[in-house]
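Hi everyone, thanks for making time this morning.

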Amino acid sequence: MAQAPARAASALRLLDAHCRLQDPRVLAVAPSLIRAATAAGVVHFAVNGTSEKDWHLVKQMAEEHPSVVPCFGLHPWWVPERSHDWMDSLRRFFAETPEAAVGEIGLDKGSHGKTIDFGEQVEVFQRQLELAKELNKPVSVHCVRAFGDLLEILKQIGPFPAGVLLHSYLGSAEMVSSLANLGCYFSLSGFLTGMKSNKAKQMLKAIPLDRILLETDAPDALPKLDDISLLAVPVDSSNADNEEFKKDSNSQSSTTSNESLNHPSNIHIVMKYVASLLEISEIELAEVTYKNATRLFSYHGSKVHTEVEAVWLGGHPI
């Protein structure tokens, strides 16, 4: 009986709705991270490109790992470095990779975002939103201190039948309804643990259950909670064996220089925290967020599309 909870947890299926495993801090160990998270029930990973410099890495990762859903986009931080033909290049990646979604794109008025011309951010963001609509693909959006601007732009260009994923959502409860009406999903990461719990709970309660997603934003957004057991990112790729990796990850001391990096397997911590604030079971949250994510990522050509048809045939898992 003592092992029943562990078996129940391992039976849960999850989809990491937003991560960046092509990030140079974890690229070398990405296969280990994917294997460990897969063993923990993560069925798919939406890996988001951020600039022309990493789109090819995301494409390659998706070719090597069936569980990786590639996403291509120009992040607001990299707007100043874009080439004159960046949009043509982006279109080529989508033509060559029909299973890809759009992301990570967005708006940023945070400490770093303030250093980047906001008019340019808006122009690049709008062009990519229009591309997502044209291709009928979901789009993963980064938004920092610019939710008013975001809402107005989405109203101008939307609605978005294929869906908009607001990644690491930390906006207000009051904005949820307007954003949901435009086709938005609200993806929650470890950054949520940095919010005051009462404010986070109010925001979560405003989100319709069929619009909630879970993500890690790995290698960032490491959850900040007391008395939790985080899975560590290995320092190098020598610990490729999954059993050895899991054993090493049980100790915080194994993180060494990578102690601040997040791991896709830590999505279980996000799930547990969100479920506690919503006052529902982890199993219920896992089931609803997995169903929401597979619905969002079941666009034409997606790797998730066939699985949705197979897994949910007849309205229940097979």
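Let's begin with His167, which is buried, with a relative accessible area of 8%. Before going on, please keep in mind that what you see is a predicted model.

So where does His167 sit? You'll find His167 in the loop that runs between strand 6, residues 164–166, and helix 7, residues 176–181. Leaving aside residues up to four places away in sequence, His167 touches His18, Glu104, Ser140, Val141, His142, Ser187, Glu215 and Asp217.

I'd like to pick out His142 from that list. His142 belongs to strand 5. Is His142 buried or exposed? His142 is buried, because its relative accessible area is 9% and the cut-off for buried is under 20%.

What does His142 touch? With residues up to four places away in sequence again left out, the contacts of His142 are His75, Pro76, Trp77, Glu104, Ile105, Gly106, Leu107, Asp108 and His167. For His75 there is a further detail: the side chains of His142 and His75 make a polar contact at 3.3 Å. And if you compare the two lists, Glu104 is touched by His142 and also by His167.

Now, why this pair? UniProt, in an unreviewed entry, places the feature "binding site" at His142 and His167. The two are spread over 26 residues of sequence, yet they cluster in space, with a largest C-alpha distance of 5.9 Å. Both His142 and His167 are included in the lining of the largest pocket.

How many strands form it, and in which order? Eight strands make up an open sheet, ordered 1-2-3-4-5-6-7-8, and the pairing is parallel. Strand 1, residues 14–19, and strand 8, residues 212–214, are at the edges; each has a single partner strand, so one side of each is left without a neighbour in the sheet. From one strand to the next, the twist averages 30 degrees.

If you want to find one of them on screen, look for Leu188, whose bridge partner in strand 8 is Leu214.

Helix 5, residues 118–135, lies across strand 4, residues 101–108, and strand 5, residues 139–144. Relative to strand 4, helix 5 runs at about 155 degrees.

That's my tour, and I'm happy to take questions.

Methods. Residues numbered from 1 in each chain as written. Predicted model: local features only at pLDDT ≥ 70, side-chain atom pairs only at ≥ 80, totals over all residues. Heavy atoms only, no water. Pairing = 2+ DSSP bridges. Helix = DSSP H or I, 4+ residues; strand = E, 2+ residues; numbered from the N terminus. Axes fitted to C-alpha atoms, helices over the stretch in contact; angles between N-to-C directions. Contact = heavy atoms within 4.5 Å. UniProt positions renumbered as here; feature names shortened; annotations may be inferred. 1 Å grid on protein atoms, 1.4 Å probe; cavity = no way out; pocket = protein on both sides within 12 Å on 5 of 7 lines; lining within 4 Å. Buried < 20%, exposed > 50% of the residue type's maximum accessible area, 1.4 Å probe, protein only. Polar contact = N/O pair within 3.5 Å; in protein donor to acceptor, adjacent residues only side chain to side chain.
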